[in-house]
Amino acid sequence: MTERKPPGMSFETWVDRQIAQAQERGDFTGLPGAGRPLQNLDREETAYDWALAKARREGVDTGAMLPAGLRLRRERDDLPARVAGLATEAEVRAVAEDYNARVEAFWRLPAESRWAAVPGLADVEALVAGWHRDRPPPPPPVAAPPPPPARRRWWRR
């Protein structure tokens with residue numbers, strides 16, 4: 001941590017002195033990217049562009065940055081992939097009905113603006129039909145081995 005600026009010294013002088021001391025210590029030698037131009041200086045970048053790039057670098061889901069209506073639309077588009085790994089039809093119906101309940105709750109809220117995206121309901125029956133269509137066929141039943149022959153008891157001979 002750096003020391004505090006001494007009273008009576010201008011800010012520029014204090015910063016220049018710290019930079020000179022760091023150069024003397026060798027803090028700036030061997031830095032990655034030394035001698036190369038800075039990237040993306042020619043491109044105008046908005047705060048949204050910066051936040052989006054930072055979220056992608058950090059591995060954060062960028063869908064969380066969307067307004068609620070667009071987030072629900074994206075979720076509706078992702079529903080078939082989301083239910084593909086579920087085991088039962090009841091689970092598929094529960095996911096679709098949960099989504100529809102959240103959309104209906106969104107409809108009850110006041111609109112954020114005139115141009116707010118309005119998501120639609122998911123078609124539960126079409127989602128279930130697609131889930132059935134995309135599932136692998138069940139494995140054929142394995143025939144049970146024949147029972148061992150009955151042994152006769154020695155006293156009934």
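Q: Is Thr62 buried or exposed in this structure?

A: In general, a residue counts as buried when its relative accessible area is under 20%. In this predicted model, Thr62 has a relative accessible area of 18%, so Thr62 is buried. Thr62 is found in the loop between H2 and H3.

Q: Which residues does Thr62 touch, not counting residues up to four places away in sequence?

A: Thr62 touches Leu52, Ala55, Arg56 and Arg74.

Q: How is Phe28 to be classed by its relative accessibility?

A: Values between the limits for buried (under 20%) and exposed (over 50%) are called partly exposed. Phe28 has 44% relative accessibility and therefore counts as partly exposed. Phe28 lies in the loop between helix H1 (11–25) and helix H2 (47–58). Together with Ile19 and Leu31, Phe28 forms a nonpolar patch on the surface, and the accessible area of the three together is about 270 Å².

Q: What span should H2 have, given its 12 residues?

A: The expected span of a helix is 1.5 Å times one less than its number of residues. H2 should therefore span 16 Å, and its end C-alpha atoms are 16 Å apart, which agrees. Just after H2, Gly59 takes a positive phi of about 80°.

Q: Which residues of helix H5 are buried, and where do they pack?

A: In helix H5 (residues 124–134), Val124, Leu127, Val128, Gly130 and Trp131 are buried. These residues cover an arc of only 160° around the axis, so they lie on the same side of H5. The buried residues of H5 pack against helix H3 (68–83) and helix H4 (89–108).

Technical notes. Residues are numbered from 1 along each chain as its sequence is written. This is a predicted model: local features need pLDDT of at least 70, side-chain atom pairs count only at pLDDT 80 or more; totals for chains, interfaces and linings use all residues. Side-chain values use heavy atoms; hydrogens and water are left out. Patches are made of residues with over 30% relative accessible area and no salt bridge: like charges are joined within 9 Å, nonpolar side chains (Val, Leu, Ile, Met, Phe, Trp, Tyr) within 5 Å. Accessible areas come from the Shrake-Rupley method with a 1.4 Å probe; for residues, only the protein chains shown count as cover. A salt bridge is a side-chain nitrogen of Lys or Arg within 4 Å of a carboxyl oxygen of Asp or Glu. Helices (H or I, at least four residues) and strands (E, at least two) are DSSP runs, numbered from the N terminus. Buried means under 20% relative accessible area, exposed over 50%, partly exposed in between (1.4 Å probe, protein chains only). The arc is that of the directions from the helix axis to the C-beta atoms. Contact means heavy atoms within 4.5 Å.
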